Amino acid sequence: MTIDTVITELSSMLGDRLSRSKSDLSHHGGSESHFAPAPPDAVVWPETTDEVSAILRRCHAAGVAVIPFGAGTSLEGHTSAQKGGLCIDLTRMNRVLSADPGDMIAVVQPGVTREDLNHELRDLGVFFPVDPGANATLGGMAATRASGTTTVRYGSMRDNVLGLTVVLADGRVIKTGSRAAKSASGYDLTALFLGSEGTLGIITELTLRLHGVPEQISAGICAFPDMASAVGAVQQVIQMGIPMARIEFVDADTARAFNGYAGTDMPECPHLLIEIHGSPTVVTEASEAFGEIAEDFGATGYQHATRTEDRNALWRIRHQAYYAVLALRPGARAVVTDICVPISKLADAITETQADIAASGLMGPILGHVGDGNFHAALLIEDGNDAEKAIAKDLALKMSTRALAMGGTITGEHGVGMGKLGLMEAEHGAAWHVMGNIKTALDPKGILNPGKLVPQC
């Protein structure tokens, strides 16, 4: 059986839900990242687990590569079809199958986005908290073990996925986890698939942990004289147990980008953006305590708001950071990278990274999730300028090497894809090859998202 035979059979099964049009292949072979386009041979849009299983059975028999695709927001080349093959776009599997506020659980298909889910939940007094910024699909968020702005309070996808339905490379369908709050029954297969980036199986259903909507929410922003002061304030806030739901930071360049892109009037210096959830009393006391600590570290202009529209405006700016930063250099592309270090090392990691960027001659605004030690650099390069791209990639390598030396990780949330494949052995040593053994056991033909995450077969 050849790929053309597979495509012919699938075309009979799926009809117009299979495409070989140039525009569809181009859309599914590119990304917002700096990687060169690598389109698949065809794109399919399944609507059920059974259809995904049938697709994989045929691809497994023919040895055809399969690349799962959600919202396409990955930054490390996760969805590039390096070896051609079939792209399985899961966005039509977009149903919320059930929502149970009694058990605080929702069951969804992988193409449901986090915003769509919370829209469905809005009248039930519960919500799903993981917020990576982009309106990503929940299947993609699970496959990359996503986190984001609310991780400091609610955890990442690792903490909020109770179970999965997964289609394996040969078409077998398995279910992991349960609706129970905990289990001591066997291997934690749910955790195995979280962060597997489509290399072990294709997620077709998720059982998610929900949280109660806070009685009151307050958001705030303040400016600091330097990054070390901002990080120092956060360290003290965390040590004192002040119940923060979000603690984000942006550097001076990012503040300038916000001003130009969104019309804000932020001083061009580092800022913290925060959010506090709880009862009115808890929120008031926590907001006051944060303000006092921030002032001790030199913060100025602390403003906070509880009105929904004011809070949404603040986080809308933060979520548009990527596009705001790109606007600092019109026509540029960004080599975007992230690392995560112990919070005690965060100020040093940022300061040293800023010095490297300044010495390189590139522009590279920094922002991130200061509450969990994760930050991002968007290194702006002229599109098509290979010399600048090489400089940016060298800066990204230095960031990752520094993170490892500080006891951290090469990526806190962007994932590995093919962009950080060469750094995995440095971080994991022999454990990386164990990951490869697991991959071989579940996908002996290596058809699932080849060239990503694990050693190459």
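Two strands pair if DSSP finds at least two bridges between them. I kept that rule at hand while going through this predicted model.

**Entry 1: the four-stranded sheet**

I started with β3 and looked up what lies beside it. β3 and β4 (residues 86-89) run parallel, joined over four bridges. Within this pair I picked out I67, whose bridge partner in β4 is C87. Stepping back, I found an open sheet of four strands, ordered β1-β2-β4-β3, and its pairing is mixed. β1 (18-19) and β3 (66-69) form the edges; each has a single partner strand, so one side of each lacks a neighbour in the sheet. A reminder to myself: strands of a sheet pair through backbone hydrogen bonds, either parallel or antiparallel.

Next I asked myself which helices lie across these strands. Helix α2 (residues 22-29) lies across β1, β2 (42-44), β3 and β4, at about 80° to β2. Helix α3 (residues 49-62) lies across β2, β3 and β4, and runs at about 165° to β4.

**Entry 2: the five-stranded sheet**

Here I traced an open sheet of five strands in the order β5-β6-β10-β8-β9, with antiparallel pairing. Its edge strands are β5 (96-100) and β9 (173-177), each pairing on one side only. From one strand to the next, the twist averages 10°. I then zoomed in on β5 and β6 (residues 105-108), which pair antiparallel over four bridges. D100 has I105 in β6 as its bridge partner.

I was pleased to meet α3 again: it packs on this sheet, touching β8 (161-167), β9 and β10 (202-209), and its direction makes about 45° with that of β8. Helix α4 (residues 114-121) packs on the sheet as well, touching β5, β6 and β10, with its direction at about 50° to that of β5.

**Entry 3: β16 and β18**

Is β16 (residues 332-340) mostly covered or mostly open? I found it mostly covered, with eight of its nine residues buried. β16 pairs with β18 (residues 374-382) in the antiparallel sense over nine bridges. For C340, the bridge partner in β18 is N374.

**Entry 4: α9 against α11**

Last, I turned to two helices. The axes of α9 (residues 227-239) and α11 (residues 280-296) come within 9 Å and cross at roughly 140°. The crossing of α9 past α11 is right-handed. Which residues meet there? From α9 I noted A233, Q236 and V237; from α11, F290, I293 and A294. By class, this contact has five nonpolar residues, one polar and no charged ones.

Technical notes
Residues numbered from 1 in each chain as written. Predicted model: local features only at pLDDT ≥ 70, side-chain atom pairs only at ≥ 80, totals over all residues. Heavy atoms only, no water. Contact = heavy atoms within 4.5 Å. Axes fitted to C-alpha atoms, helices over the stretch in contact; angles between N-to-C directions. Buried < 20%, exposed > 50% of the residue type's maximum accessible area, 1.4 Å probe, protein only. Left-handed = near helix turned anticlockwise from the far one by under 90°. Nonpolar A, V, L, I, M, F, W, Y, C, P; charged D, E, K, R; others polar.
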